[in-house]
Amino acid sequence: MWKRFRLEIEMSCIFCKIAAGEIPSATVYEDETFRVILDLNPASEGHALILPKSHAADVTELNEEIAAKVLPLATRVGQSMKANLGCAGFNLVQNNGEAAGQTVRHFHMHVIPRYEGGPVIAAWEPGTSTPEGLAETAAKIQAGL
Ligand SMILES: [Zn+2]
């Protein structure tokens, strides 16, 4: 039952289809585990998405072996952007869940080149904290680790 449900998700998942090459994309890198494509609605020139070829809805479902390969690959992509696109830096952005801004439920890492003079995008307004509040929140997270 679960396997059949998983298969239905994967058959309807647009990033599974793109990663498998069933839907064309501007591919910048491919190996047996990943396909790296350019975002159709880029935040800046060269905005890329790292897609694992196996389906995982978000980082909580991602196989640890694959997860361990994402950051080194993102680093290589970012370094190539700096060397070949002339960007001054890059952001790695990875959203998990609709509340976090994830629009496609297939794990993906954004690699977003940042150019001198371009907008610096921070997705939050810096808030305030108290030592007591931080300690209370830290204890809640620690309880699950
Ligand atoms: Zn998928």
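**Stop 1: helix 3**

Start with helix 3, which has 21 residues; at 1.5 Å a residue it should span 30 Å, and its end C-alpha atoms are 31 Å apart, which agrees. Keep in mind as you look around that this is a predicted model.

To pick the helix out, select residues 64–84. Helix 3 lies across strand 1, strand 2, strand 3, strand 4 and strand 5, and runs at about 20° to strand 5. Now show the side chains on this helix. Which residues of helix 3 are buried? They are Val70, Val77, Gly78 and Met81. The buried residues of helix 3 pack against strand 1, strand 2, strand 3, strand 4 and strand 5.

**Stop 2**

Hide the helix for a moment and look at the strands. Five of them make an open sheet, with antiparallel pairing, in the order 1-2-3-5-4. Where are the edges? Select strand 1 (27–30) and strand 4 (89–93): these are the edge strands, each pairing on one side only. On average, neighbouring strands of this sheet are turned by 20° against each other, direction ignored.

- Select strand 1 together with strand 2 (residues 34–38): they pair in the antiparallel sense over three bridges. Click on tyrosine 29, and you'll find valine 36 of strand 2 standing opposite.
- Next, select strand 3 and strand 5, an antiparallel pair with three bridges. Leucine 49 has histidine 110, in strand 5, as its bridge partner.
- Finish with strand 4 and strand 5, which run antiparallel and are joined by five bridges. Here glycine 89 has arginine 114 of strand 5 as its bridge partner.

**Stop 3: the nonpolar core**

Time to look inside. Select Val36, Ile37, Ala48, Leu49, Ile50, Leu51 and Val111: these have the most contacts inside the largest nonpolar core, which has 16 residues. Helix 2 (14–19), strand 2, strand 3, helix 3 and strand 5 are the elements that give two or more residues to this core. Strand 3 gives the most, with four residues.

Now centre the view on isoleucine 37. Leaving aside its neighbours within four places in sequence, its contacts are Ile18, Ser25, Ala26, Thr27, Val28, Ala48, Leu49 and Leu51.

**Stop 4: two exposed spots**

Bring helix 3 back and follow the chain onward to glycine 86, whose phi is positive, near 80°. This glycine is in the loop between helix 3 and strand 4. Buried or exposed? Glycine 86 has 12 C-beta neighbours inside 10 Å, so it counts as exposed. Try the distance tool here: glycine 86 and tyrosine 115 are 29 residues apart in sequence, with 7.4 Å between their C-alpha atoms.

With 10 C-beta neighbours inside 10 Å, methionine 11 counts as exposed. Then draw a line from methionine 11 to histidine 55: the two are 44 residues apart in sequence and 10.0 Å apart in space, C-alpha to C-alpha.

Technical notes. Residues numbered from 1 in each chain as written. Predicted model: local features only at pLDDT ≥ 70, side-chain atom pairs only at ≥ 80, totals over all residues. Pairing = 2+ DSSP bridges. Axes fitted to C-alpha atoms, helices over the stretch in contact; angles between N-to-C directions. Contact = placed C-beta atoms within 7 Å. Core = buried A, V, L, I, M, F, W, Y, C linked by C-beta atoms within 7 Å. Buried ≥ 20, exposed ≤ 12 C-beta atoms within 10 Å, placed from the backbone. Expected span 1.5 Å × (residues − 1).
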